[in-house]
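Subject: Handover of a structure and the findings on it

Dear colleague,

Please find below the structure that I am handing over to you. My findings follow it, and I would be grateful if you could read them with the structure open.

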Amino acid sequence: MIIYGVALLSLCTLLGLFIGDLLGAAIGVKANVGGVGFAMLFLLLISERLKRSGGFPQLSSQGVSFWTAMYIPIVIAMAAQQNVRGAISGGPMAILAGIAATVLCFALIPLVDRIGRRDPAARASAQDTPA
């Protein structure tokens, strides 16, 4: 059963890399643009949908959990392959995009923290209270 989770991961990876290549070609870049991110997004959406419908047993979930733990090292290894010197010398847009993404992520941390802290009872009582 664990192999089904790994199979789902590989299908999501292939689909993500394909879309990343298409996106790179569409914007005129000779590289994969966001393929691993798309793959992880597909994996998250599909596995959650399968869990809710009962089509994703706990053992299959273990195959996905293993690769989820490996996500950061994989991204670091892929980033090490990128041509950073070429991106920097190509203009300030790469640096600006990196800074903007980092600032946006830092700005969203309090919002995500608030969403995670709300308990289900507080949400239920807030929905029952007329505005």
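I begin with helix α2. At 1.5 Å a residue, its 19 residues should span 27 Å, and the end C-alpha atoms are 27 Å apart, which agrees. The expected span is taken as 1.5 Å times one less than the number of residues in the helix. Seen down the axis of α2, the buried residues fall within an arc of 120 degrees, so they line one face of the helix. The arc is that of the directions from the helix axis to the C-beta atoms. These buried residues are G35, V36, A39, F42, L43 and S47. On the other side of α2, L45, R49 and R52 are exposed. Buried stands for a relative accessible area under 20%, exposed for over 50%, and partly exposed for values in between (1.4 Å probe, protein chains only). Just after α2, G54 takes a positive phi of about 85 degrees.

Please note that this is a predicted model, in which local features need pLDDT of at least 70 and side-chain atom pairs count only at pLDDT 80 or more, while totals for chains, interfaces and linings use all residues. Residues are numbered from 1 along each chain as its sequence is written, and side-chain values use heavy atoms, with hydrogens and water left out.

Within α2, which covers residues 35-53, I looked at S47 in particular. S47 counts as buried because its relative accessibility is 6%. Its side chain reaches two backbone oxygens: that of L43 at 2.7 Å and that of L44 at 3.3 Å. Leaving aside neighbours within four places in sequence, S47 is in contact (heavy atoms within 4.5 Å) with L8 and F56.

Two further serines lie in helix α3, which covers residues 58-69: S65 and S61. S61 is buried, with a relative accessible area of 10%, whereas S65 is partly exposed at 42%. Not counting residues up to four places away in sequence, S61 touches K51 and F56. The C-alpha atoms of S61 and S47 are separated by 8.0 Å, and the two residues are 14 residues apart along the chain. For S65 and V6, which are 59 residues apart along the chain, the C-alpha separation is 9.3 Å.

Turning to the chain as a whole, there are 7 helices and 0 strands. Helices (H or I, at least four residues) and strands (E, at least two) are DSSP runs, numbered from the N terminus. Of the 131 residues in the chain, 15% are buried. Among contacts with a separation of 6 or more, 54% come from residues 24 or more positions apart. The accessible surface of the chain comes to about 9,900 Å², and 71% of it belongs to carbon and sulfur atoms; such areas come from the Shrake-Rupley method with a 1.4 Å probe, and for residues only the protein chains shown count as cover.

Finally, the structure holds 0 disulfides, a disulfide being a pair of cysteine sulfur atoms within 2.5 Å. C12 is buried, with a relative accessible area of 3%, while C105 counts as exposed at 52% relative accessibility.

Yours sincerely

Notes
A polar contact is a pair of N or O atoms within 3.5 Å; within protein, one must be able to donate a hydrogen and the other to accept it, and residues adjacent in sequence count only if both atoms are side-chain atoms.
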